[in-house]
Amino acid sequence: MNQFRSVKGTHDILPNESKKWQELELVVQEICNQYGYNEIRTPIFENTNLFSRGVGEETDIVSKEMYTWTDKDGTSLTLRPELTASVARSFIQNNLGSQAIIQRLYYKGPLFRRERPQKGRQRQFHQFGVEAFGSENPEQDAEIIAIAWGILNRCGISENASLNINNIGSEKCRIGYRKALKNYILPYINDFSKTSQHRFKNNPLRILDTKSEKEQIILKDAPVISDFHTIEDSKHFDYLKNYLNALNISFTVNDKLVRGLDYYTKTVFEFNSTILGAQDALLGGGRYDGLVKMLGGKQTPGIGFAAGMERFLIAMDKSKKQVKMLTPDIYFICIDLEGLSASLKISNELRKEGFIVITDTLRRSMKSQLREANKLNSKYTIILGKREIDNGTLIFKNLERGTQKTISQTEVINFFHDLTN
Ligand code: HAM
């Protein structure tokens with residue numbers, strides 16, 4: 001019979017990798033907490049409408065990549081392809097706006113997009129991210145970008161990361177810009193791909209995102225959005241740039257950066273990494289001042305970002321030594337059935353004191369248990385056999401030094417404390 005395999009575009013996170021995931025999650029938690037952000041966890045599936053309305057029917061995510069099915073009662077449900085819409089839904093549903101004037105939230109978890117899998121691009125992938133609801137000011141944008149920068153720094157990957165920012169304006173600005181962009185593109189429209197031609201009709205700003213060199217050359221002299229900024233948009237952008245300079249976070253203004261989700265207004269940004277290859281976006285985000293209202297809540301401005309955890313880990317692997325697997329301090333070898341309950345009890349006492357202890361549960365010979373202890377790189381072993389049971393003792397072995405000593409069972413905790421202090 002053929003063996004089962006994980007579905008294309010999905011991956012197991014194996015024991016020798018999970019330590020790195022935990023490290024990254026810990027850094028995210030610490031830095032988010034430092035800035036006063038609390039964790040939110042939302043369900044893995046939602047009503048499909050949430051994403052089609054929130055993220056936008058015309059986006060790649062909604063039009064091509066969602067895992068959607070009809071539930072038994074006829075409701076259309078979707079595995080979440082991103083988390084901002086879910087968090088905004090929860091913010092409205094749970095009236096989080098009434099609990100704090102600014103709701104600062106962070107999250108981590110799996111997302112699902114039916115994209116073509118390649119290195120750094122999966123169908124089930126993981127993000128961590130932050131969202132702040134309640135402030136429309138550029139100080140909030142700076143705070144969000146500073147969190148991203150702080151996490152990149154702590155993970156040791158900020159040197160290879162570059163920040164691109166843009167301000168895609170308020171809706172008022174974009175009406176004028178869309179028109180000017182379309183007027184510019186129209187004479188060349190036949191030189192554009194089918195995808196871009198489709199975007200020309202439905203979402204012309206997304207054409208600026210094109211990966212085609214030919215189209216990029218045509219777009220070189222296209223009108224730029226900053227020429228269409230309202231006074232308010234320009235001021236917002238200038239403040240943000242000043243704040244980033246004050247925070248010593250270098251950036252490039254990229255007037256072609258529009259991002260692929262429809263909810264953005266004003267500030268958008270991305271951190272890319274030179275060590276990632278084709279899928280080089282480490283994280284991306286922006287302001288979404290109209291999203292909460294569009295989803296049925298009160299007018300509430302918001303801004304956030306999300307980062308690909310797999311991409312973070314690839315970048316971290318490339319830039320520093322691999323994190324070692326957890327190794328046991330003590331491998332407890334019991335070679336007499338009568339001693340098993342004492343071995344379980346002593347092991348638990350040692351664990352309570354902070355030692356990592358493995359007890360054998362296979363009732364194997366002393367030789368094979370010792371071999372296992374060495375294989376796992378355990379520092380020490382404790383051996384309990386018939387003679388030790390009778391004497392109330394244990395044999396302690398230092399596997400690194402090859403030394404051995406008999407100790408009293410009642411003294412074992414103190415013995416290990418003295419040893420490790
Ligand atoms: P996004 O740009 O679609 O934004 O995704 C953010 C990050 O998730 C990307 O920069 C990338 O690192 C990672 N990512 C996306 N798709 C994949 C994939 N198929 N495989 C592996 N990693 C992937 C959002 O999701 C917005 N919700 C961000 C945001 C939060 N904007 C405001 N608040």
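**The ligand and its surroundings**

The shell around the ligand is made up of 11 nonpolar, 9 polar and 7 charged residues. In this classification, Ala, Val, Leu, Ile, Met, Phe, Trp, Tyr, Cys and Pro are nonpolar, Asp, Glu, Lys and Arg are charged, and the others, Gly among them, are polar. This is a predicted model, in which local features need pLDDT of at least 70 and side-chain atom pairs count only at pLDDT 80 or more, while totals for chains, interfaces and linings use all residues. Residues are numbered from 1 along each chain as its sequence is written, and side-chain values use heavy atoms, with hydrogens and water left out.

The ligand is surrounded by 27 residues, each having a heavy atom within 4 Å of it. Glu-82, Glu-115, Gln-122, Tyr-264 and Ala-281 are the closest.

Glu-131 places a polar side-chain atom 2.9 Å from a nitrogen atom of the ligand. For Arg-259, a polar side-chain atom is 2.9 Å from an oxygen atom of the ligand. Tyr-264 has a polar side-chain atom 2.7 Å from a ligand nitrogen atom. The protein buries 95% of the 660 Å² that the ligand exposes when taken alone, with areas from the Shrake-Rupley method and a 1.4 Å probe.

Which elements give two or more residues to the shell? They are β6 (124–133), β10 (281–287) and β11 (302–308), where strands are DSSP runs of E with at least two residues and helices are runs of H or I with at least four, numbered from the N terminus. With 6 residues, β10 gives the most.

**A pocket away from the list above**

The second largest pocket holds about 530 Å³ of space. A pocket here is an open set of points on a 1 Å grid over the protein atoms alone, with protein on both sides within 12 Å along at least five of seven lines; lining residues have an atom within 4 Å of a point. Its lining has 23 residues, and Glu-17, Trp-21, Gln-122, Glu-310 and Ile-314 lie nearest its centre. Two or more lining residues come from each of α1 (15–34), β6 and α11 (309–319).

Terms used. A polar contact is a pair of N or O atoms within 3.5 Å; within protein, one must be able to donate a hydrogen and the other to accept it, and residues adjacent in sequence count only if both atoms are side-chain atoms. On a 1 Å grid over the protein atoms alone, a cavity is a set of points where a 1.4 Å probe fits but cannot get out, and a pocket is an open set with protein on both sides within 12 Å along at least five of seven lines; lining residues have an atom within 4 Å of a point. Grid points are joined across faces, edges and corners, and a volume is the space filled by probe spheres set on the points.
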